[in-house]
Amino acid sequence: MKKRGMNKKGISPTVATILLVGFVVLIILIILFWSRDVYQERAEKAGAVAQTLTDCEFVNIEVSATPSNIEVRNTGSVDLDGLSVKEDFGANIRLSDIIINIPSGESVPLVRSDVICGEGTEPTSPLSLCGNSESARIWPGKTPEGNYRNAPLVKCTNKFVDIKL
């Protein structure tokens, strides 16, 4: 007695093995091309950050402070892309990046606000410091050259200025 549909033949084991090997090779190639692009982008970004750190040789700032106003002057030979500020008030600190272009020879004022910083309170203006800050450390910053999404402000770590408020 013959059953219907049972007389169909499948593909040979050799053809099945060749198809599986080809499929695995295709997946490996896709992964290799994808990872190459990811690592190439990371390497380019790391190179841009390294170049930015090299530019820090030409960066210099001077800071003058009064009780209510702080003026940061770019005395280096390159434009700055911002400042990183660490404020100390008692047992707390506040870290902030101020993204602002400061051309060589120009200055930018930072103002002590009336806001007493603590949990959840901060000055509303990006150019303001907390009213209860006792001291601050200010670093000049540069951003990497090129088209990098969300590129961080790179601090010129050896060019900081400490001030007492």
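1. E87 has a relative accessibility of 0% and counts as buried (buried means under 20% relative accessible area, exposed over 50%, and partly exposed in between, with a 1.4 Å probe and protein chains only). E87 forms a salt bridge with R94, and the closest N and O atoms of the pair are 2.4 Å apart (a salt bridge is a side-chain nitrogen of Lys or Arg within 4 Å of a carboxyl oxygen of Asp or Glu). R94 is also buried, its relative accessible area being 10%. A network of salt bridges links E87, R94 and E122.

2. On the basis of this note: the model is a predicted one, in which local features need pLDDT of at least 70 and side-chain atom pairs count only at pLDDT 80 or more, while totals for chains, interfaces and linings use all residues. Residues are numbered from 1 along each chain as its sequence is written, and side-chain values use heavy atoms, with hydrogens and water left out.

3. The chain contains one helix and nine strands (helices, H or I of at least four residues, and strands, E of at least two, are DSSP runs numbered from the N terminus). Read from the N terminus, the order of the elements is α-β-β-β-β-β-β-β-β-β. Of the 165 residues, 29% count as buried. Among contacts with a separation of 6 or more, 56% join residues 24 or more positions apart (contact means heavy atoms within 4.5 Å). The accessible surface of the chain is about 11300 Å², and carbon and sulfur atoms account for 57% of that area (accessible areas come from the Shrake-Rupley method with a 1.4 Å probe; for residues, only the protein chains shown count as cover).

4. The count of salt bridges in the model is four. One of them joins K142 to D81, with the closest N and O atoms 3.9 Å apart. Because K142 lies in strand β7 and D81 in strand β3, this pair ties together parts that are 61 residues apart in sequence. Both K142 and D81 are buried.

5. A further salt bridge is formed by the side chains of R137 and D162, at 2.7 Å from N to O. R137 belongs to strand β7 and D162 to strand β9, so the pair ties together parts that are 25 residues apart in sequence. R137 is partly exposed, with a relative accessible area of 27%, and D162 also counts as partly exposed, at 46% relative accessibility.

6. The largest nonpolar core has 19 residues, of which I70, V72, L83, L110 and I138 touch the most other members (a nonpolar core is a set of buried Ala, Val, Leu, Ile, Met, Phe, Trp, Tyr and Cys residues joined through side-chain atoms within 4.5 Å). At least two residues of this core come from each of β2 (69-74), β3 (80-89), β4 (92-102), β5 (107-112), β7 and β9 (161-164). Strand β3 gives the most, with three residues. Leaving out residues up to four places away in sequence, L110 touches N69, I70, V72, L83, I98, L127 and I138. In soluble globular proteins, nonpolar side chains tend to be buried together.

7. A nonpolar patch on the surface is formed by V21, V24, V25, I28, L29, L32 and F33, which together have about 620 Å² of accessible area (patches are made of residues with over 30% relative accessible area and no salt bridge; like charges are joined within 9 Å, and nonpolar side chains, Val, Leu, Ile, Met, Phe, Trp and Tyr, within 5 Å). One of these residues, L32, lies in helix α1, which spans residues 13-55.

8. N74 lies in strand β2 and is buried, with a relative accessible area of 1%. The side chain of N74 reaches the backbone oxygen of P103 at 3.4 Å. Not counting residues up to four places away in sequence, N74 touches N60, D79, L80, I102, P103, S104, G105 and E106.

9. D88 is found in strand β3 and counts as partly exposed, at 24% relative accessibility. The C-alpha atoms of D88 and E134 are separated by 5.8 Å, although these residues are 46 residues apart along the chain. Apart from residues up to four places away in sequence, D88 touches I93, N132, S133, E134 and S135.

10. T143 is placed in the loop between β7 (135-142) and β8 (154-155). T143 is partly exposed, with a relative accessible area of 24%. Its contacts, leaving aside neighbours within four places in sequence, are T52, D81, P152 and L153.

Definitions and conventions:
Polar contact = N/O pair within 3.5 Å; in protein donor to acceptor, adjacent residues only side chain to side chain.
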